[in-house]
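Work through these exercises with the model open. Try each task before you read its solution.

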Amino acid sequence: MKELIDWKKNKMLGLIKVLEDSYKTQIGINHVDGLNLPTADSIVDIITDFFRVIFPGFVGNEIVTTSSIHFYVGSIIEGLYGKLVKQITRALKYQCTLDNCEECECQWMANKISAHLLDSLPEIRHFIKLDVTAAFEGDPAARSYDEVIQSYPFIKAITVHRIAHILYKENVPLIPRMMSEWSHAQTGIDIHPGATIGESFFIDHGTGVVIGETTEIGNNVKIYQGVTLGARSFPKDEKGKLMRDVKRHPTLKDYVTVYANATILGGETVIAENAVIGGNTWITTSVEADTVVSINQPDLCYKKNGCE
Amino acid sequence: MKELIDWKKNKMLGLIKVLEDSYKTQIGINHVDGLNLPTADSIVDIITDFFRVIFPGFVGNEIVTTSSIHFYVGSIIEGLYGKLVKQITRALKYQCTLDNCEECECQWMANKISAHLLDSLPEIRHFIKLDVTAAFEGDPAARSYDEVIQSYPFIKAITVHRIAHILYKENVPLIPRMMSEWSHAQTGIDIHPGATIGESFFIDHGTGVVIGETTEIGNNVKIYQGVTLGARSFPKDEKGKLMRDVKRHPTLKDYVTVYANATILGGETVIAENAVIGGNTWITTSVEADTVVSINQPDLCYKKNGCE
Amino acid sequence: MKELIDWKKNKMLGLIKVLEDSYKTQIGINHVDGLNLPTADSIVDIITDFFRVIFPGFVGNEIVTTSSIHFYVGSIIEGLYGKLVKQITRALKYQCTLDNCEECECQWMANKISAHLLDSLPEIRHFIKLDVTAAFEGDPAARSYDEVIQSYPFIKAITVHRIAHILYKENVPLIPRMMSEWSHAQTGIDIHPGATIGESFFIDHGTGVVIGETTEIGNNVKIYQGVTLGARSFPKDEKGKLMRDVKRHPTLKDYVTVYANATILGGETVIAENAVIGGNTWITTSVEADTVVSINQPDLCYKKNGCE
């Protein structure tokens, strides 16, 4: 057997030195001496608390009764407020440093935004109830509202989105996207926190769905797996830099249905009321109301019959 | 710096009151005073126990030897029986309440179903062995059976499916779908627990696959990523309600292969023996045996050559 | 209420006996008395350590400062070396048993490979910095490098790939694929550890992407969700067995862009420099440099206008 090279004795210190030096110079992929960023664990903890308040009795092993509900919801809300303030302060201070703010109002802003988000909870619950109903009404495989809440990845995705979207509108950096990517990893549904989504929404199956930042979705819209609501091209400014705040993604009006693996692209593309977009279609121009769009599916070739 | 608004002192109690009230009235997205539902954590624990018994030595850090196997398998099976009875009882009692059963036989039923599921374990292992073999034989990138078992998302998906399908056939509510959605989140493969799947099945890569509730799959079938075996339309009853127990999804006979991103729709669509369905195809009518179906791929436009 | 059947008393021992016997005979899906394989938990632990060293300050709640960095990186590297040696030794011994090696140099090899992987860390960080930059430059929705590192599934996928690929090239069995499938489960991006990927790579959204084992990707390549870089057919040897080491997957040269849901197949298919492959295309032959390939999208049928 060959002699073991004693890497730890001979080489390890050299490697550690090189890494230490690289942390000093390679700006961009490390955060030494930086401000504390919001942490992934804290964001998951916050999301879990929201689920506990929005769906009491559905999360973990908690038993929630009429006599305990006051203490149950009270303790979650109080804790959640503190957690939100802490992480949002971190996110705002981070932005302040990037922007060289003269005076940091981060703490004050974080209190205000946290209060606003929590005050929105009754409205969020109202919207999510409509989403649950839309899922149950829209899927013949659904057996009960409880099954929908417990098992449908869409419910996880839309609940996280409705929370993240509020923080996005308040210009909180980092956290909305951390929330949406947690949900993307769990569900395969990729909704940018910037997307505007109306009431009674439903995504069935969901894997592979992409909904871009500037998408606008009306009420009672239904979408299937693999649908992309994306950008057609990325406009650049006069310096050749990507422009980051242009409407690049489509608009879907009320009662639109989009079947599996359809692709709808472009900020000026409007799918009007009641339109039905067929599976596998590729749409880059607007569609009028009450229209069913399907592709003339490519001819199939049956080898047995000798077409090749 | 602006004065901090004391949200906790001034507003928090009001919010908590509104939420408490909403729990009383907004039926459908909360479970206060409801029966205890099966919990997600318990279902994951049960699935893990099944993996330990089906693949001893592959899960966690456990070392399993000939001398310890008797105690190893014995302790898992005994514990698993208790866990199954508890969660299945919860699921059945929940259904009982929905259905206003006069006399609840939930405990008796849960014992019977748990025993039946455990008694099926040798058969489940037999089927999964064939699935592992099909994966190894069907993928040139596979290096060993052990790699397949350790790493292929398909193995996770099919193992969970074969367990969940047994509970589905016994009409256990909630739990089968909780199992399949856990697997969907892990693998991107969405198999409804109602789907009937024969032996020596294989799904390669898997992300985006959707297999609907009433799908029937024969033996030695092979499927690639992004394939949908879905519904063509949702029949409604005379009251306009979705009919939930109709065959809506296709049938794939023995030795069928379906390449990536193909879509096969409809309860009357039968893909007969040995048929090969090409990538990106859209199939809504039956295909005869021994047929290779491919699409005449749409013409490609090469801009360099001036086609636009 | 019906009498409870005492399954535990009457039947359980019989089942345990059958399972025990099946472990003896059903080779292939159990590992009783086998060598200890690398465990999934250890591999995740190793990946986490790599993330801590590559992105200090981004993982967990750790605060990393100039004064603590020496101890921080030193303790991770020392621990990581031991963890790598242990798991790689297990993987090599496993292969040794399969191959009936006469003399096992597994321990020596594991030391050598672990040292090599750790010595590659500065280069890995250099590459990942370029990947982070490519993501920021390529996505108008990206707000900062920090957002990209914290939230983009691509960063998780490419970091794991660059580590797993080094172990793949050193012929370490099992572990590279365990790493890549962990990443696949987290991100929906399925990159085989064998794939060769140049610098400044970017995958946007990512769900459903499949990059096969023998794929070669140049520098500054950009890929969108649902893209498959796959095999056209699986060559078999004279015994009808799949050949496992042939180039089956395509080559993408520098500055190639591939839009969503495109499929590029075949080991001899070369997409040359600066080519742009449009969404939904199906490419099985080589594409010249500087060419934009799009499909003549199938005609759309608008039912309102009476086309059906």
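**Exercise 1.** How much area do chain A and chain C bury between them?

*Solution.* This is a predicted model: local features need pLDDT of at least 70, side-chain atom pairs count only at pLDDT 80 or more, and totals for chains, interfaces and linings use all residues. Residues are numbered from 1 along each chain as written, chains are lettered from A and ligands numbered from 1 in written order, and side-chain values use heavy atoms, without hydrogens and water.
- Buried area is the accessible area (1.4 Å probe) that two parts lose on being put together, summed over both.
- Chain A and chain C bury about 6100 Å², 58% of it on carbon and sulfur atoms.
- In chain A, Ile29(A), Arg244(A) and Trp282(A) lose the most area to chain C, together 12% of what that side buries.

**Exercise 2.** Count the residues in contact (heavy atoms within 4.5 Å) between chain A and chain C.

*Solution.* Chain A supplies 68 residues, which touch 69 residues of chain C.

**Exercise 3.** Find a salt bridge across this interface, meaning a side-chain nitrogen of Lys or Arg within 4 Å of a carboxyl oxygen of Asp or Glu.

*Solution.* The rule finds 2 salt bridges between chain A and chain C. Glu213(A) pairs with Arg143(C) in a salt bridge, with the closest N and O atoms 2.7 Å apart.

**Exercise 4.** Which strand of chain C does β14(A) join?

*Solution.* Strands are DSSP runs (E, at least two residues), numbered from the N terminus. They pair if DSSP finds at least two bridges between them. Here 3 bridges join β14(A) to β15 (residues 300-302) of chain C, and the strands run antiparallel. Ile295(A) stands opposite Leu300(C).

Conventions:
Helices (H or I, at least four residues) and strands (E, at least two) are DSSP runs, numbered from the N terminus.
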